[in-house]
Amino acid sequence: MPAGGWVPDTTGVSDYEPENAGVEQSPSAQASLLATRVRSDLGHGFSISSVSEFAAAGCVVDRDVVLDDRADDVAFVRVLQLREPLNDGSFPLVGSSISRDQLTNGSVLLTAHADDNSLVTAVLARTDGLLVELQVRSRTGQDTSGWPTTFGTPPPTKFPVPSPVTVAQASMVIQNVAELSVTAT
């Protein structure tokens, strides 16, 4: 494990992009299982929009799942195996309520939500370098899909609608995904 952990508190944006570490593959059975598990854990009528997988030399580097629902809410999940540390600015942690917790198993949990609760984010980095990120936004939540270039966009002008998932729920979903990844990677 890198000195200081996989997600050191250094702020700023890392130029590391998981997609640059491999080529897109057809989604594996494990990626499909991930998508199904996240849909089930999220509830709220989410359905799977897309599943992507990036790999290098037979080792899966990145699995991404996008889900949406009839209310135009969107959820994005990324599961990747880190090979080098990422700073906490490498994720679109929107809002002024950002927290960082050290879990009893040595994992680091980052959570954030927009001030109007239209977007929630949870990131879990395990001691073995497995990282799980979940972001759920309502139809009025800031779209961070082009992070980091979309981060500076102004908030939506529509009346804010809260994310269908709370920070606590997002934290539970990523912990479940991390447990699943122990046996499915």
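User: In which loop is Asn117 found?

Analyst: This is a predicted model. Strand β6 covers 108–113 and β7 covers 119–125. Asn117 is found in the loop between β6 and β7.

User: What is the phi of Asn117?

Analyst: Most residues other than glycine have a negative phi. Asn117 is not a glycine, yet its phi is positive, at about 65°.

User: Is Asn117 buried, partly exposed or exposed?

Analyst: Buried means under 20% relative accessible area, and exposed means over 50%. Asn117 has 36% relative accessibility, so it counts as partly exposed.

User: Where is Asp72, and what is its phi?

Analyst: Asp72 is in the loop between β3 (59–68) and β4 (74–81). Asp72 is not a glycine, but its phi is positive, at about 70°.

User: Is Asp72 buried or exposed?

Analyst: The cut-off for exposed is over 50% relative accessible area. Asp72 has 53%, so it is exposed.

User: Is Asp69 buried or exposed?

Analyst: Asp69 is also placed in the loop between β3 and β4. Its relative accessible area is 11%. Buried means under 20%, so Asp69 is buried.

User: Which backbone nitrogen does the side chain of Asp69 reach?

Analyst: Asp69 touches His44, Gly45, Phe46 and Pro164, leaving aside residues up to four places away in sequence. At 2.8 Å, its side chain reaches the backbone nitrogen of Asp73.

User: Which residue in β6 stands opposite Ser99?

Analyst: Strand β5 (residues 99–102) runs antiparallel to β6, and four bridges join them. Their hairpin has five residues between the strands, and Gly106 takes a positive phi near 90° there. Opposite Ser99 stands Thr111.

How values were computed: Residues are numbered from 1 along each chain as its sequence is written. This is a predicted model: local features need pLDDT of at least 70, side-chain atom pairs count only at pLDDT 80 or more; totals for chains, interfaces and linings use all residues. Side-chain values use heavy atoms; hydrogens and water are left out. Helices (H or I, at least four residues) and strands (E, at least two) are DSSP runs, numbered from the N terminus. Buried means under 20% relative accessible area, exposed over 50%, partly exposed in between (1.4 Å probe, protein chains only). Two strands pair if DSSP finds at least two bridges between them. Contact means heavy atoms within 4.5 Å. A polar contact is a pair of N or O atoms within 3.5 Å; within protein, one must be able to donate a hydrogen and the other to accept it, and residues adjacent in sequence count only if both atoms are side-chain atoms.
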